[in-house]
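Please walk me through this structure in plain terms.

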Amino acid sequence: MPDQPKPIRVKPRNLTARAAYRVPGNPANTRLDGSVGNCFPGLEMDVRDLDRRFFPGLVFNAVRVPLNPVPEAPKNTQGFHLVFVDYMYDPMLPDDSTEDWVQTLLSAYRGDIGTKLGTGRWFLSWVQQGDRRIDMHDEDGTPYDGMMVWRFIRSLEAGSDNPVSLALVRRNHEGVVDTEPVELHGYRRRYRTEAGVFSDTYDPGELTQSLCNPWSHDFRDCGCHYWPSNHPDVVMAETDPEHALPTGQSYNPIKAETYLDWLRSDRSLAGNVAAFNTVEQNRPFQIDHYQVNQMWSDLPIVVEGRETGEVYEADIDLPDVLPYPSTAEMIADLRTRLAPMEMTLSLQYLYAYFTLADPETADTARWPTLKDDLIFARRALIEVAIGEMTHMRCANQLLWELQGKDYHPVLTPAKTLRFGPGPGKVYPRSLRPLTTEAIDDFIEIERPGGYIDRAYARCVATLEQRDLYERHLYTLAVRIDTDGDEHYLRFRQMKEVLAKYNTGEGLPAYLRPVEVGTEDQARHALDIFDNVKEGLHDAYVSEAGKDYPEAQDYLSQVRAEMKILRDEGEKLAADRIGIPFWPDHDP
Amino acid sequence: MTQAPPDLRGLAGAAHFFDTEHGQHMLAVDGSRVFDVPPGSAAAWSGWDAAQQTAFLSGLGAGDVPYIDDAPPQDMPLRSLSLAVAQKCNLACTYCYASGGDFGAPARNMPWEVAKASVDRLIAEAEPGVRINLAYLGGEPLINRALIRRTTEYATQRAQAKGVRTGFSITTNGTLLRPEDAEFFEQHGFAVTISLDGIGAAHDRLRPYRGGRGSFDAILKRAEPLLARQKHMQVGARVTVTPQNMDLPETLDRFVAMGFHSVGFSPMLTAPNGQHELDKPGLDKMLAQMIRCGQSFEAAVIAGRRYPFSNMSAAMHEIHRGTHRPYPCGAGAGYFGVSADGGLFACHRFVEDADGAMGTVTDGPDPRRGAWLSDRHVHRQSPCTTCWARYLCGGGCHHEVIHRGRPACDYIRGWLHYCLQAYIRLSEARPDYFGAVPAAAQA
């Protein structure tokens, strides 16, 4: 490899340059949870707008019952309100149609009926299809809410064998029908053409007109499904370039990994204080309705859960990380160090999981929040354990892709772990309950910039060489490398939530008394564990040989075994027995 | 002539750097991609070795496959024909490539059978929806007006029946235009090009009648009804630049003011008798004049005013789109010239020229066409393979290159260098001129 020229920032200007230029987009390892929003799905259109033109020539709005009507407001304004008659360019109503119903409708719209519909407020009174008629009002005559009418309209069938009749009524200021209804006969519109394209009947912008915009007042509060794009609730702060490590990460991981309210009104660095757990608690510190109008464009873009400033760097350079001198050395490191490390971590976390008390038997009289906190901690811990299992699989995948025929699965836990600042300290592996000390150790292990991702940083730096390795291997390594952030956060949350139960007297209320059992005590569990390892071995071998259906069969078996192992682990833990995942443990 | 294909993945002529008041810029020759680069990039580039240059270029996003490979196009459908409807002329232009209209052969008119066969061939090779083009040239094509009318009507009717779209054009000296031509050209949406080599005496010196009398005033008078009726029809002026008519800005302004839809200049590089060919100092002078015209064009675009200087508007849109071509034109590919007796030639200039002969209009192109496309590929041209302008220029007019070589390369590079700079300026000042710019591209 020649020395790479220093990166030069270029700007593509003409069309070929722009088309070919690879902007930092979503890498191949992007996952759904990396998307911008974390609350509601975004929509490209408002489906209600389709039905406003369900009947040829008529345009309705679905009007809701007003929340706080002023006394002088007109009454009974809810329902399917006729906005206007629009037959001139309606593709269902061509001038030269030979269909009787079309000509009848056209002459109605052009004639007296059109004139009549042009005065006063007209509403849909009923629709009929076949022998079924739906009245759009209560038995006492109170009109239905527009959204309810809309649901009825959605149930209408389209097609030439499904004619639709409807009646329109005019309501006066008092909400009383004051003239003869207008009856019309036709068919429900098909909203899409044969080719799957929206009907020409809709004007540009019509299908999105009711979507909210970020510069409208209710962007702050609205939890509806009508945003053109969803927005996040909580985010992590942009790493202050002044305080960044050479890796781009913050030297202050606690600050960097703290969730902030995306809508916080104090957008200075000093305003970067942790978001509360509920919307109500955060509300006073959010930008207010009127501020949205001025500040919406200050709300930063969020990538991978983090606010970004002027420049988003997709691939952070790791200037002080050297690639492995050879592929063989990377393989050796993956086989002897990294893959075994992942297995040890997942088993340590799994062991700790079984030491958490059963939420159903929590002493809620003394600890009213204990049940909820246990549910959270168990879920968070099992997620992290599963994360490490996923890493073990990824490390194995790197191996089978790099080794080809020489690959055989690595499913042996490492005997030692190393973590801590600098080169780190060596710790023997240990199966232990989730005590405060254990959580602290786990936090250190998973700390961004700590031992784990430094370990994979060399893999990343090696696989980054495009001319030597396929790109998906690089993205795979990056994925393991960056998952630590999430684990770190989870353990910190666990620490925060569980700290209050540590009274300094005996076992904290969230733990149950569990000690590492003997092989005999846990015989059944260990047999299941052996089945799991065997199944994983076979699955990895099949996948390495590209026999995906077979791999899938093995994985399904492993999943089933894992479920049994979880039940067995709970049962043993209830009897104070922990599963001895490795035999050489010193009790 | 056989020569080893040059290594085009090599870096000779891979990038061209240029400066404007907006900074430094680079044309990545492969794909005609234009980038803004930081100041000093050109100096850095020249200090790099081949591997570093390659790494830099590959960082710009194009893949490993070059935009243009060495393979000539296969089975190009025939889309355009020019008909030499009259191989004779009433003018005696001093530099005429057709040697006074007859291409050095006996003067004659094209018979109906040849014109009909030409239309039939175009229609036969066109699928519904495709656009075919029929160009009438000569000599002076209006000498054979009846054939033009009959052929146009026949082509329109055949094209309508098959659902094929048509485009018609005519290149005329303008001396024989009649008011009723305006109506006919308008009806069929003709692109009419009138050869005008300057204002008044400048034109008359170069384009006299056979008796020696000037033609300028007569032409303008006859062109007026056409200029007044441009709706579907477009009337352009085409100026051949010789040492005798170098006042380009004045010529351009005058013709624009007259209402021409477009005005274009091209240098006189090769005449059968060698007369009025531009030499190196002449080309330098023309380049300076062209740049003056270009500056007027820039000012007009920035002011939002239409200024139909066709060399410039074409260059702006080609640079914007990143046009990259292995040939200067469609000659011998989708376009052929048909001689009066039905011979098929690479283009209108090669009529009656063995170098460009490739079959007959009744039988279609013969194998000489494949050899032509293979030979004429810019990757087979010297010194084009190391020239940064090769994919914008395409190697230069085949007719001129074959008969005179490449005397105008510096002129072409100078012009393109200026056009690249102007593109940067205009895309900064008036991005709307190039169509809507996506917001992301402006960031």
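Strand β1(A) and strand β3 (residues 33–37) of chain B run antiparallel and are joined by 2 bridges. Strands here are DSSP runs of E with at least two residues, helices are runs of H or I with at least four, and both are numbered from the N terminus. Two strands pair if DSSP finds at least two bridges between them. In this pairing, Lys11(A) stands opposite Asp36(B). As background, strands of a sheet pair through backbone hydrogen bonds, either parallel or antiparallel.

This is a predicted model, in which local features need pLDDT of at least 70 and side-chain atom pairs count only at pLDDT 80 or more, while totals for chains, interfaces and linings use all residues. Residues are numbered from 1 along each chain as its sequence is written, and chains are lettered from A and ligands numbered from 1 in the order in which they are written.

The pairing between the chains belongs to an open sheet of 4 strands, in the order β1(A)-β3(B)-β2(B)-β1(B), with antiparallel pairing. At the edges stand β1 of chain A and β1 (15–20) of chain B; each has a single partner strand, so one side of each is left without a neighbour in the sheet. Inside chain B, strand β2 (residues 23–28) and β3(B) pair over 5 bridges in the antiparallel sense, and Gln24(B) is opposite Val37(B). Helix α14 (residues 409–429) of chain B lies across β1, β2 and β3 of chain B, at about 55 degrees to β1(B). Such angles run from 0 to 180 degrees between N-to-C directions, and axes are lines fitted to C-alpha atoms, for helices over the stretch in contact.

How many residues of each chain take part where the two chains touch? On one side are 17 residues of chain A, in contact with 24 residues of chain B; two residues are in contact if their C-beta atoms, placed from the backbone, lie within 7 Å. On the side of chain A, β1 (11–12) and α1 (15–20) are the elements that give two or more residues. The largest share, 5 residues, comes from α1(A). By type, this side of chain A divides into 9 nonpolar, 3 polar and 5 charged residues. Here Ala, Val, Leu, Ile, Met, Phe, Trp, Tyr, Cys and Pro count as nonpolar, Asp, Glu, Lys and Arg as charged, and the others, Gly among them, as polar.

Chain A has 15 helices and 15 strands. Of its 587 residues, 31% count as buried, meaning that 20 or more other C-beta atoms lie within 10 Å of the residue's own; 12 or fewer make a residue exposed, and counts in between make it partly exposed. Lys533(A), found in helix α14 (residues 523–544) of chain A, counts as partly exposed because it has 16 C-beta neighbours inside 10 Å. Lys533(A) and Leu411(A) are 122 residues apart in sequence, yet 6.8 Å apart in space, C-alpha to C-alpha.

Chain B also contains a hairpin, formed by β12(B) and β13(B) with 3 residues between them. These strands run antiparallel and are joined by 2 bridges, with Gly359(B) partnered by Pro365(B).
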